[in-house]
Amino acid sequence: MQIVIDQADELGWAPANVHYEQFNSGVVGLHNTGFTVNLTLSGRSLEVRANQTLLDALLEQGVDAYYDCRSGVCGSCMVPMTAGQSDHRDTFLSEAEKQENSLICTCVSRAMPGVTLELDI
Ligand code: FES
């Protein structure tokens, strides 16, 4: 699927005109590390284990987090991020939005290694 997406990009297709459907998170098999998340609005801090998603860590700590697909395609789990560098693994945010680094899809995206994220929740 990525080959087709890359080929369309090379041929000058606008990303909005390239449609596809993904049926898993693409996270399985990736090397993950744990990281810390500070929730600025609630003043809480939590640890995301290497073997769990940020969304699952939020839910485990009782945060009323929205989600739907759990695979990075719908954007339902997206939250504002005020600090830190995200390893964006979703296909919902545009490349420009990922570069801006002010939103994160918690179901699949993580912090870059060694980075603490601050979420505006
Ligand atoms: S729940 Fe759909 S993108 Fe995260």
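Is Arg49 buried, partly exposed or exposed? Arg49 is partly exposed, with a relative accessible area of 41% (buried means under 20%, exposed over 50%, partly exposed in between, with a 1.4 Å probe and protein chains only).

## Basis of the model

This is a predicted model, in which local features need pLDDT of at least 70 and side-chain atom pairs count only at pLDDT 80 or more, while totals for chains, interfaces and linings use all residues. Residues are numbered from 1 along each chain as its sequence is written, and side-chain values use heavy atoms, leaving out hydrogens and water.

## Overall fold

The protein contains three helices and seven strands (DSSP runs numbered from the N terminus: helices are H or I of at least four residues, strands E of at least two). From the N terminus, the order of elements is α-β-β-α-β-β-α-β-β-β. The C-alpha trace spans about 45 × 25 × 25 Å along its principal axes. Of the 121 residues, 36% count as buried.

## Salt bridges

The structure holds four salt bridges (a side-chain nitrogen of Lys or Arg within 4 Å of a carboxyl oxygen of Asp or Glu). One of them joins Arg49 and Glu60, at 3.2 Å from N to O. Arg49 lies in the loop between β2 (44–48) and α2 (54–60) and Glu60 in helix α2, so the pair ties together parts 11 residues apart in sequence. Glu60 is partly exposed, at 48% relative accessibility.

Another salt bridge links Glu95 and Lys98, whose closest N and O atoms are 3.8 Å apart. Both residues belong to helix α3 (residues 95–100), three residues apart, about one turn of the helix. Glu95 is exposed at 56% relative accessibility, whereas Lys98 is buried at 13%.
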